[in-house]
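Trainee: I'm new to this one and would like to learn how to read it. Could you show me the structure and walk me through it?

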Amino acid sequence: MKKTLIILVLILALLFSVTGCAEQASQTLEQGKTTVEYLQGEFAEKLEEQGADVYNGKITNAEFKAGSTGQITFVETKDGKDGEPKDIPLDKKVRVVYVTNSSPDGNIMNGEEFVKAFVPGNNDNFKVFTLEDKAVLILSVEL
């Protein structure tokens, strides 16, 4: 009886350790995919398949308000004309690929990093992907 109990405990311990390793490997693979190319390509395509709205235009302001609530003010460009400014909240997990002088190939940032790096008044063009009226992906068009 003791032997059976010990074997059962060992089997359960082995199962839990293998499950934990598989989960950790999966997370590592997901993190490994976070490249400029992945965000511009496969990730953007997945968002469109999920029904994301895609806007092209300029960001005129980016800020964080109380806590971790961020927002951008976006002016969509259609047929060469600017539309009305629109405030778009930033999703907590928003990913941004932003071209700066120090990173001409694009720098991957979260929302808070983008707000700090953003320079109001520039003429950078962006493609903004929104789900449930929140920005989930922002791409510099210069890439």
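Mentor: Let's start with one residue's neighbours. Leaving out residues up to four places away in sequence, Phe 126 touches Tyr 55, Asn 56, Gly 57, Ile 59, Phe 74, Tyr 98, Phe 114, Phe 118, Ile 138, Leu 139, Ser 140 and Val 141; contact means heavy atoms within 4.5 Å. This is a predicted model, where local features need pLDDT of at least 70 and side-chain atom pairs count only at pLDDT 80 or more, while totals for chains, interfaces and linings use all residues. Residues are numbered from 1 along each chain as its sequence is written, and side-chain values use heavy atoms, leaving out hydrogens and water.

Trainee: Is Phe 126 buried or exposed?

Mentor: Buried means under 20% relative accessible area, exposed over 50%, and partly exposed in between (1.4 Å probe, protein chains only). Phe 126 counts as buried because its relative accessibility is 0%. Phe 126 is found in strand 5; strands (E, at least two residues) and helices (H or I, at least four) are DSSP runs, numbered from the N terminus.

Trainee: Which residues have the most contacts inside the largest nonpolar core?

Mentor: A nonpolar core is a set of buried Ala, Val, Leu, Ile, Met, Phe, Trp, Tyr and Cys residues joined through side-chain atoms within 4.5 Å. The largest here has 18 residues, and Ile 59, Ile 72, Phe 74, Phe 114, Phe 126, Val 128 and Ile 138 have the most contacts inside it. Strand 1 (53-64), strand 2 (70-78), strand 3 (81-100), helix 3 (111-117), strand 5 (125-131) and strand 6 (134-140) each give this core at least two residues. Strand 3 provides its largest share, 5 residues. Another core, of 11 residues, lies apart from it, with Tyr 38, Leu 47, Ala 52 and Val 136 among them.

Trainee: How many salt bridges does a search of the whole structure find?

Mentor: Side chains of opposite charge can pair when their charged atoms come close. A salt bridge is a side-chain nitrogen of Lys or Arg within 4 Å of a carboxyl oxygen of Asp or Glu. The search finds 1: Glu 42 with Lys 46, their closest N and O atoms 3.3 Å apart.

Trainee: Where is Asp 79?

Mentor: Look in the loop between strand 2 and strand 3. Asp 79 isn't a glycine, yet its phi is positive, near 55°. At 80% relative accessibility, Asp 79 counts as exposed.
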